Amino acid sequence: MESIIITEVRPDEIQDLQRICKLTFSETFSASNSENDMNNYLSENFSLEKITTEFNDKNSLFYFAKEGANILGYLKLNFGDAQTELRDPKALEIERIYVLKEFHGKKVGQLLFEKALKIAEEKKVDYVWLGVWEENLRAINFYKKNGFEEFDKHIFKLGNDEQTDIMMKLKLTN
């Protein structure tokens with residue numbers, strides 16, 4: 001493998017962002033959800049209009065993990081009012097870290113996570129938090145390995161299906 005680099009998504013890459021969002025979400029969750037729920041979720045949450053609105057939010061950041069010209073995964077971070085729940089000015093939310101299945105186990109997710117931590121340090125936040133589906137054991141183990149602890153639960157709606165997300169937090173020492 002060539003070296004993997006993490007780059008901030010540029011405005012001219014929004015369609016690439018939309019593609020990787022849809023593809024990685026589908027790879028991760030389609031086997032566990034109905035086709036109808038998946039299709040509805042993908043069209044509502046990853047429309048070009050919605051991705052563009054999120055991209056243009058000054059309190060959200062997107063990064064690609066790339067190897068050469070290939071996009072392997074992406075990261076979405078939220079601050080302040082862009083956070084999906086807590087909206088704590090002293091926190092950073094990792095809303096999404098997704099990696100193409102063929103690159104699982106190749107440290108791509110770890111590199112994206114380390115980028116999130118670097119930004120959290122630059123922003124001088126007290127903690128990083130996220131929500132992860134209770135059935136996504138691979139992701140839960142990844143976050144626990146990186147020092148996250150469970151602190152709450154919330155409902156995540158995928159189509160008509162209400163699912164439970166575990167909310168996890170990593171306290172930072174500034």
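Two strands count as paired if DSSP finds at least two bridges between them. I noted that first, as my look at the strands relies on it.

**Entry 1: the model.** I am working from a predicted model.

**Entry 2: a pair of strands.** I looked up strand β4, residues 91-99, and found three bridges joining β4 to β5. The two strands run parallel. Which residue of β5 stands opposite E93? I found W129 there. Next I checked how covered β5 is, over residues 127-133. Six of its seven residues are buried, so the rest of the structure largely encloses β5.

**Entry 3: the whole fold.** I then stepped back and counted five helices and seven strands in the protein. Along the sequence I read the order as β-α-α-α-β-β-β-α-β-α-β-β. The radius of gyration is 15 Å, close to the 16 Å from the globule rule for 174 residues, so the protein is as compact as a globular protein of that length. I also noted a box of roughly 45 × 40 × 30 Å along the principal axes, filled by the C-alpha atoms.

Entry 4: How much of the protein counts as buried? I got 47% of the 174 residues. Among contacts with a separation of 6 or more, 63% come from residues 24 or more positions apart. For the accessible surface I noted about 9,400 Å², with 45% of it belonging to carbon and sulfur atoms.

**Entry 5: charges.** I found 24 positive and 31 negative side chains. The centres of these two sets lie 4 Å apart.

Definitions and conventions. Residues numbered from 1 in each chain as written. Predicted model: local features only at pLDDT ≥ 70, side-chain atom pairs only at ≥ 80, totals over all residues. Heavy atoms only, no water. Helix = DSSP H or I, 4+ residues; strand = E, 2+ residues; numbered from the N terminus. Rg over C-alpha atoms; globule rule 2.2 N^0.38 Å. Buried < 20%, exposed > 50% of the residue type's maximum accessible area, 1.4 Å probe, protein only. Contact = heavy atoms within 4.5 Å. Areas by Shrake-Rupley, 256 points an atom, 1.4 Å probe, with all protein chains shown as cover. Lys, Arg positive; Asp, Glu negative; His and termini not counted. Charge placed at Lys NZ, Arg CZ, Asp CG, Glu CD.
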